[in-house]
Amino acid sequence: MNLDELVFHPWAVQGPRDVPTFVGGSGSYLIDDTGRHYLDFSSQLVFTSLGHQHPRIVAAIKEQADRLCTLAPGHASDVRGEAARLIVQVAPQGLGHVLFTTGGTEAIEHAVRMARLYTGRPKVLAAYRSYHGSTAASIHLTGDPRRWASDTGAAGAVHFFGPFLYRSVFGSRSPEEESERALAHLEQVILLEGPSTIAGLVLESVIGSSGVIVPPAGYLRGVRELCDRHGIIYIADEVMVGFGRTGAWFGVDHDGVAPDLMAFAKGVNSGYVPLGGVLVGDAIYELFTTRPYPAGLTYSGHPLACAAAVGAISAMHEENTVAAAARLGAEVLGPGLRALADKHDSVGDVRGIGGIWSPELVRDRRTKEPLVPAGGTGAANAPMVSVVKACLERGLVPLVLGNRVHVAPPLNVNDSDAAAGLAILDDALAAADAYVA
């Protein structure tokens with residue numbers, strides 16, 4: 001019996017699946033039950049930033065397991081405190097405290113709750129091209145088609161268009177123009193919704209699974225200014241791109257801004273044990289020094305997860321991972337993917353920064369018609385299924401979402417492995433080219 005058939009899989013039609021069964025890993029590679037090695041070009045869901053079985057993280061987990069495996073969040077914990085110290089140390093100024101969660105979606109839930117409690121307002125703004133999680137508030141804030149099946153229209157979520165020059169809804173011709181027009185649009189949304197009704201604005205600092213969209217320089221500064229002007233809490237969603245993925249500790253660092261709240265997860269400990277959290281700004285923290293925060297989690301600041309964070313962040317400092325991610329994007333992934341775009345008619349655009357990139361696949365470069373429709377399943381999604389199959393047959397684990405291949409290897413991948421992954425992707429894109437008009 002295939003034991004995988006007993007598992008109810010998220011985001012999937014249930015039933016037998018033709019996928020590898022992975023039983024091991026080492027560095028940038030996964031190993032299946034036949035002993036075959038696969039280059040992990042996805043960092044799973046963009047979280048194994050230091051690769052598989054990093055000795056520093058594994059040792060930290062083992063050491064903590066030998067001392068104390070678990071502890072309720074109401075007790076003080078040395079390893080929890082050390083993890084918080086290391087996180088605050090690299091965070092933007094003014095974010096001096098950490099609420100730990102078990103993942104990113106919970107982090108968004110708590111950040112939204114804090115914003116509403118602090119302001120006394122009901123609404124939260126979020127971009128259409130976004131993903132913020134799959135629990136109640138976070139899925140309503142999500143802007144892409146994953147929201148549709150769960151959207152009741154009653155969660156106080158209001159969506160707006162962020163900057164996206166390749167598919168500009170503003171008719172822009174330059175990044176500067178796109179930024180200016182996107183900010184003007186956002187201000188109109190704020191004014192028409194009523195600033196006094198808006199608690200917060202949640203925004204991925206670099207749009208992740210909805211397209212790997214890097215905002216133009218100055219856009220995040222403009223968002224910060226609009227939030228300040230209208231008394232809106234700025235919540236930065238750094239779940240996917242935080243902790244070095246963009247070639248800076250956090251995506252907001254590229255624009256030199258500090259949000260009021262910042263959600264994180266994934267790269268904080270390379271996903272070795274589930275961990276997320278909210279970095280809490282000083283003003284919001286002060287509110288809860290005179291009244292209790294009305295929420296909690298059984299596994300908040302779990303010792304094994306926090307130990308993994310201490311190991312991972314320490315390793316990132318020792319190995320200069322953030323600088324390595326910047327170089328990976330500038331010298332390897334960026335040039336390599338642009339070269340693939342020149343060879344393959346199915347590649348309409350290449351976008352990215354640091355260790356997260358995406359070729360967007362189209363049927364027609366002139367019209368920019370996506371290779372598969374938004375939310376497409378079954379036969380409509382066959383072209384992207386063929387790309388995934390071609391990658392796996394050649395020993396590459398890809399991350400494919402919508403009409404995009406997301407290229408996000410471990411940040412410590414070596415150049416030869418990165419080049420090998422690009423070569424496999426080169427071969428696999430022939431499957432997409434077959435659908436080009």
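Along helix α10, the residues Thr321, Val322, Ala325, Leu328, Gly329, Val332, Leu333, Gly334, Gly336, Leu337, Leu340 and Ala341 are buried, where buried means under 20% relative accessible area, exposed over 50% and partly exposed in between, with a 1.4 Å probe and protein chains only. Helices (H or I, at least four residues) and strands (E, at least two) are DSSP runs numbered from the N terminus. The cover over the buried residues of α10 includes α9 (303-319), β11 (347-353), β12 (356-364) and α12 (415-433), contact being heavy atoms within 4.5 Å.

This is a predicted model, in which local features need pLDDT of at least 70 and side-chain atom pairs count only at pLDDT 80 or more, while totals for chains, interfaces and linings use all residues. Residues are numbered from 1 along each chain as its sequence is written, and side-chain values use heavy atoms, with hydrogens and water left out.

The 23 residues of α10 (residues 321-343) should span 33 Å at 1.5 Å a residue, and the end C-alpha atoms are 31 Å apart, which agrees; the expected span is 1.5 Å times one less than the number of residues. At glycine 329, α10 bends by about 40 degrees, the bend being the angle between axes fitted to the seven residues ending there and the seven starting there.

In helix α4 (residues 104-119), 16 residues should span 22 Å at 1.5 Å a residue, and the end C-alpha atoms, 23 Å apart, agree with this. Among the buried residues of α4 are Gly104, Ile108, His110 and Met114. Glycine 120, with a positive phi near 75 degrees, follows α4.

Phenylalanine 161 lies in the loop between β6 (157-160) and α6 (175-193), and counts as partly exposed because its relative accessibility is 30%.
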